[in-house]
Amino acid sequence: YEIRLSLVGSEMCIRDRLDTQAEDLDGTFATNMRDLAGELGVTIVAGMFRPADTVQRGEKTINRVYNTTLILDGHSDTPRILTYDKVHLYDAHSYHESRTVKAGDTLLTFRHGDATIGVATCFDIRFPEQFQALADRGAQVIVVPTSWADGPGKVEQWRILTAARALDAGVFIAAAGQSRPDFETKAGEPSGPTGAGHSTVVDPSGVRIAEAGYGPETLVVNIDPEEAAKQRKRLPLGQIRADTTMR
(Lines give C-alpha, C1' and ligand atoms only; values in the text may rest on other atoms or scores of the structure.)
Protein backbone atom coordinates (compact mmCIF):
# COMPACT_ATOMS: atom_id res chain seq x y z
CA TYR A 1 0.00 0.00 0.00
CA GLU A 2 1.46 3.34 -1.05
CA ILE A 3 0.23 6.87 -0.55
CA ARG A 4 1.20 9.89 -2.60
CA LEU A 5 2.23 13.00 -0.73
CA SER A 6 2.13 16.38 -2.45
CA LEU A 7 3.82 19.10 -0.40
CA VAL A 8 3.27 22.67 -1.52
CA GLY A 9 5.67 25.31 -0.21
CA SER A 10 3.67 28.45 -0.97
CA GLU A 11 4.46 32.13 -0.59
CA MET A 12 1.94 33.77 1.72
CA CYS A 13 2.22 36.17 4.62
CA ILE A 14 -0.55 37.48 6.87
CA ARG A 15 0.39 41.08 7.63
CA ASP A 16 -2.74 42.20 9.50
CA ARG A 17 -3.78 41.29 13.02
CA LEU A 18 -4.46 37.58 13.40
CA ASP A 19 -7.90 38.11 14.90
CA THR A 20 -9.00 40.01 11.79
CA GLN A 21 -7.90 37.07 9.63
CA ALA A 22 -9.37 34.31 11.80
CA GLU A 23 -12.43 32.39 10.57
CA ASP A 24 -14.64 29.69 11.99
CA LEU A 25 -14.96 26.33 10.24
CA ASP A 26 -18.09 27.49 8.43
CA GLY A 27 -16.14 30.42 6.95
CA THR A 28 -15.05 30.88 3.36
CA PHE A 29 -11.57 29.36 3.63
CA ALA A 30 -12.47 26.09 5.36
CA THR A 31 -15.60 25.45 3.31
CA ASN A 32 -13.82 26.19 0.02
CA MET A 33 -10.97 23.86 0.96
CA ARG A 34 -13.46 21.17 1.98
CA ASP A 35 -15.25 21.50 -1.36
CA LEU A 36 -11.94 21.33 -3.22
CA ALA A 37 -10.93 18.16 -1.36
CA GLY A 38 -14.28 16.60 -2.29
CA GLU A 39 -13.98 17.67 -5.91
CA LEU A 40 -10.48 16.17 -6.23
CA GLY A 41 -11.10 13.14 -4.02
CA VAL A 42 -8.01 13.82 -1.90
CA THR A 43 -7.13 14.70 1.68
CA ILE A 44 -5.87 18.27 2.09
CA VAL A 45 -3.92 19.47 5.11
CA ALA A 46 -3.82 23.27 5.40
CA GLY A 47 -3.22 25.90 8.05
CA MET A 48 -5.52 28.69 9.18
CA PHE A 49 -6.40 30.76 12.25
CA ARG A 50 -9.66 30.32 14.18
CA PRO A 51 -11.16 32.55 16.88
CA ALA A 52 -10.24 31.29 20.35
CA ASP A 53 -10.90 33.54 23.36
CA THR A 54 -10.63 37.10 24.66
CA VAL A 55 -8.10 37.99 27.36
CA GLN A 56 -7.35 41.21 29.19
CA ARG A 57 -3.69 42.26 29.44
CA GLY A 58 -3.50 45.53 31.36
CA GLU A 59 -5.60 48.01 29.42
CA LYS A 60 -5.52 45.90 26.27
CA THR A 61 -8.27 43.52 25.23
CA ILE A 62 -6.82 40.81 22.99
CA ASN A 63 -8.86 38.48 20.83
CA ARG A 64 -6.68 35.40 20.70
CA VAL A 65 -6.81 32.81 17.94
CA TYR A 66 -5.97 29.14 17.49
CA ASN A 67 -3.19 28.23 15.07
CA THR A 68 -5.24 25.49 13.44
CA THR A 69 -4.30 22.76 11.01
CA LEU A 70 -7.27 21.65 8.93
CA ILE A 71 -7.58 18.09 7.67
CA LEU A 72 -10.09 17.99 4.84
CA ASP A 73 -10.99 14.43 3.86
CA GLY A 74 -12.55 14.42 0.41
CA HIS A 75 -12.83 10.66 -0.05
CA SER A 76 -16.44 10.28 1.09
CA ASP A 77 -19.73 11.61 -0.28
CA THR A 78 -19.79 14.12 2.58
CA PRO A 79 -16.22 15.48 2.98
CA ARG A 80 -15.31 15.96 6.64
CA ILE A 81 -13.18 18.53 8.43
CA LEU A 82 -10.87 17.64 11.33
CA THR A 83 -8.79 20.16 13.26
CA TYR A 84 -5.58 20.21 15.26
CA ASP A 85 -4.69 23.32 17.28
CA LYS A 86 -0.96 23.90 17.72
CA VAL A 87 0.10 22.78 21.20
CA HIS A 88 3.56 24.33 21.59
CA LEU A 89 3.60 28.10 21.19
CA TYR A 90 6.70 30.07 20.22
CA ASP A 91 7.47 31.96 23.41
CA ALA A 92 11.19 32.32 22.76
CA HIS A 93 13.82 34.79 21.53
CA SER A 94 11.82 37.72 22.98
CA TYR A 95 8.74 36.71 20.94
CA HIS A 96 5.54 35.72 22.76
CA GLU A 97 3.13 33.85 20.50
CA SER A 98 0.90 33.09 23.48
CA ARG A 99 -0.07 36.77 23.71
CA THR A 100 -2.18 36.43 20.56
CA VAL A 101 -2.54 32.66 20.14
CA LYS A 102 -4.17 30.14 22.48
CA ALA A 103 -2.49 26.74 22.74
CA GLY A 104 -4.36 23.58 21.90
CA ASP A 105 -4.31 20.66 24.32
CA THR A 106 -5.21 17.62 22.18
CA LEU A 107 -3.16 15.50 19.81
CA LEU A 108 -4.65 14.26 16.57
CA THR A 109 -4.28 11.22 14.35
CA PHE A 110 -6.55 10.33 11.45
CA ARG A 111 -6.93 7.55 8.92
CA HIS A 112 -6.03 7.98 5.27
CA GLY A 113 -6.87 4.75 3.49
CA ASP A 114 -4.99 2.07 5.40
CA ALA A 115 -2.50 4.51 6.91
CA THR A 116 -2.58 6.41 10.21
CA ILE A 117 -1.45 10.01 9.97
CA GLY A 118 -0.42 12.26 12.85
CA VAL A 119 -0.42 16.05 12.87
CA ALA A 120 1.96 18.65 14.30
CA THR A 121 2.57 22.31 13.48
CA CYS A 122 5.76 24.35 13.09
CA PHE A 123 7.38 24.87 16.55
CA ASP A 124 5.98 21.48 17.66
CA ILE A 125 8.91 19.96 15.71
CA ARG A 126 11.22 20.84 18.63
CA PHE A 127 9.32 18.57 21.03
CA PRO A 128 10.11 14.87 20.42
CA GLU A 129 7.62 13.67 23.02
CA GLN A 130 4.72 14.84 20.85
CA PHE A 131 5.96 12.83 17.88
CA GLN A 132 6.61 9.79 20.06
CA ALA A 133 3.08 10.04 21.47
CA LEU A 134 1.64 10.20 17.95
CA ALA A 135 3.70 7.14 17.00
CA ASP A 136 2.37 5.34 20.09
CA ARG A 137 -1.12 6.06 18.73
CA GLY A 138 -0.20 4.30 15.52
CA ALA A 139 0.96 7.19 13.33
CA GLN A 140 3.09 6.04 10.40
CA VAL A 141 3.31 9.49 8.83
CA ILE A 142 3.31 12.85 10.63
CA VAL A 143 2.45 15.95 8.61
CA VAL A 144 3.96 19.24 9.78
CA PRO A 145 2.73 22.45 8.11
CA THR A 146 5.24 25.12 9.02
CA SER A 147 6.31 28.74 8.72
CA TRP A 148 9.94 28.34 9.80
CA ALA A 149 11.54 31.79 9.92
CA ASP A 150 14.89 32.11 8.20
CA GLY A 151 18.06 33.34 9.87
CA PRO A 152 21.60 32.18 10.62
CA GLY A 153 21.60 28.39 10.92
CA LYS A 154 17.80 28.08 10.72
CA VAL A 155 17.63 25.87 7.61
CA GLU A 156 20.22 23.52 9.07
CA GLN A 157 18.22 23.34 12.32
CA TRP A 158 15.13 22.53 10.27
CA ARG A 159 16.94 19.70 8.50
CA ILE A 160 18.27 18.28 11.75
CA LEU A 161 14.92 18.48 13.56
CA THR A 162 12.87 16.88 10.78
CA ALA A 163 15.35 14.01 10.52
CA ALA A 164 15.54 13.61 14.31
CA ARG A 165 11.76 13.46 14.72
CA ALA A 166 11.55 10.82 11.97
CA LEU A 167 14.24 8.76 13.68
CA ASP A 168 13.14 9.00 17.30
CA ALA A 169 9.46 8.30 16.47
CA GLY A 170 10.04 5.85 13.62
CA VAL A 171 7.72 7.68 11.22
CA PHE A 172 7.72 9.47 7.90
CA ILE A 173 7.85 13.25 8.34
CA ALA A 174 6.07 15.25 5.65
CA ALA A 175 6.85 18.88 6.47
CA ALA A 176 5.56 21.64 4.20
CA GLY A 177 7.48 24.88 4.78
CA GLN A 178 6.25 28.32 3.76
CA SER A 179 8.61 29.67 1.11
CA ARG A 180 10.80 32.71 1.64
CA PRO A 181 9.30 35.78 -0.12
CA ASP A 182 12.58 36.80 -1.78
CA PHE A 183 13.80 33.23 -2.23
CA GLU A 184 17.62 32.87 -2.39
CA THR A 185 18.30 36.63 -2.60
CA LYS A 186 18.51 37.04 1.17
CA ALA A 187 18.87 33.39 2.14
CA GLY A 188 20.14 32.96 5.68
CA GLU A 189 19.04 36.42 6.79
CA PRO A 190 16.18 36.85 9.31
CA SER A 191 12.82 36.67 7.55
CA GLY A 192 10.42 37.82 10.26
CA PRO A 193 7.11 35.97 10.33
CA THR A 194 7.66 34.35 6.93
CA GLY A 195 9.22 30.99 6.17
CA ALA A 196 12.51 29.62 4.88
CA GLY A 197 10.99 27.11 2.48
CA HIS A 198 12.74 23.71 2.31
CA SER A 199 9.64 21.54 2.44
CA THR A 200 10.80 17.98 2.97
CA VAL A 201 9.85 14.33 3.27
CA VAL A 202 12.03 12.22 5.57
CA ASP A 203 11.69 8.45 5.90
CA PRO A 204 11.58 6.60 9.27
CA SER A 205 15.33 5.91 9.14
CA GLY A 206 16.09 9.64 8.87
CA VAL A 207 16.84 9.65 5.15
CA ARG A 208 15.68 12.80 3.35
CA ILE A 209 13.67 11.53 0.36
CA ALA A 210 12.90 14.94 -1.10
CA GLU A 211 13.58 18.57 -0.28
CA ALA A 212 12.50 21.84 -1.87
CA GLY A 213 14.46 25.10 -1.93
CA TYR A 214 13.68 28.58 -0.63
CA GLY A 215 11.06 29.42 -3.26
CA PRO A 216 7.54 28.12 -4.00
CA GLU A 217 7.73 24.49 -5.06
CA THR A 218 5.61 21.34 -5.11
CA LEU A 219 7.07 17.96 -4.12
CA VAL A 220 5.27 14.77 -5.15
CA VAL A 221 6.52 11.68 -3.30
CA ASN A 222 5.22 8.10 -3.13
CA ILE A 223 5.81 6.34 0.19
CA ASP A 224 4.98 2.98 1.76
CA PRO A 225 3.65 3.66 5.28
CA GLU A 226 4.46 0.07 6.30
CA GLU A 227 8.13 1.06 6.31
CA ALA A 228 7.41 2.77 9.63
CA ALA A 229 6.58 -0.55 11.32
CA LYS A 230 9.68 -2.17 9.82
CA GLN A 231 11.89 0.62 11.15
CA ARG A 232 10.34 0.38 14.63
CA LYS A 233 11.03 -3.35 14.62
CA ARG A 234 14.67 -2.76 13.66
CA LEU A 235 15.04 0.11 16.14
CA PRO A 236 12.38 -0.36 18.87
CA LEU A 237 12.92 2.96 20.64
CA GLY A 238 9.32 3.18 21.86
CA GLN A 239 9.53 -0.19 23.60
CA ILE A 240 12.93 0.62 25.05
CA ARG A 241 11.58 3.93 26.41
CA ALA A 242 8.64 2.09 27.98
CA ASP A 243 10.97 -0.46 29.61
CA THR A 244 13.55 2.03 30.85
CA THR A 245 13.55 3.47 34.36
CA MET A 246 15.85 6.39 35.18
CA ARG A 247 16.65 7.78 38.60
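Angles run from 0 to 180 degrees between N-to-C directions, with axes taken as lines fitted to C-alpha atoms, for helices over the stretch in contact. Helices (H or I, at least four residues) and strands (E, at least two) are DSSP runs numbered from the N terminus. The model is predicted, and local features need pLDDT of at least 70, side-chain atom pairs count only at pLDDT 80 or more, while totals for chains, interfaces and linings use all residues. Residues are numbered from 1 along each chain as its sequence is written, and side-chain values use heavy atoms, with hydrogens and water left out.

- β2 and β3 are antiparallel and are joined by 13 bridges, and Phe 49 has Asn 67 of β3 as its bridge partner.
- β3 and β4 also run antiparallel, with 6 bridges joining them; Leu 72 stands opposite Ile 81 of β4, and a hairpin through 6 residues connects the two strands.

**Helix α2**

- Helix α2, residues 28-40, has 13 residues and reaches 18 Å from its first C-alpha to its last, close to the 18 Å expected at 1.5 Å a residue, where the expected span is 1.5 Å times one less than the number of residues.
- Ala 30, Thr 31, Met 33 and Ala 37 of α2 are buried, where buried means under 20% relative accessible area, exposed over 50%, and partly exposed in between (1.4 Å probe, protein chains only).
- Gly 41 follows α2, and its phi is positive, near 70 degrees.

**The six-stranded sheet**

- An open sheet of 6 strands has the order β7-β8-β9-β10-β11-β12, and its pairing is mixed.
- Its edge strands are β7 (109-112) and β12 (208-211), each pairing on one side only.
- β9 (residues 141-143) and β10 (residues 172-175) pair in the parallel sense over 3 bridges, and the bridge partner of Ile 142 in β10 is Ile 173.
- Helix α3 (residues 128-136) packs on this sheet, touching β7, β8 (115-119), β9 and β10, and its direction makes about 155 degrees with that of β8.

**Nonpolar cores**

- A nonpolar core is a set of buried Ala, Val, Leu, Ile, Met, Phe, Trp, Tyr and Cys residues joined through side-chain atoms within 4.5 Å; the largest one has 20 residues, and those with the most contacts inside it are Leu 5, Ile 117, Val 119, Val 141 and Ile 223.
- β1 (3-9), β8, β9, β10 and β13 (217-223) each supply at least two residues of this core.
- A second, separate core of 18 residues includes Val 144, Trp 148, Ala 163 and Ile 173.

Terms used: Two strands pair if DSSP finds at least two bridges between them. Contact means heavy atoms within 4.5 Å.
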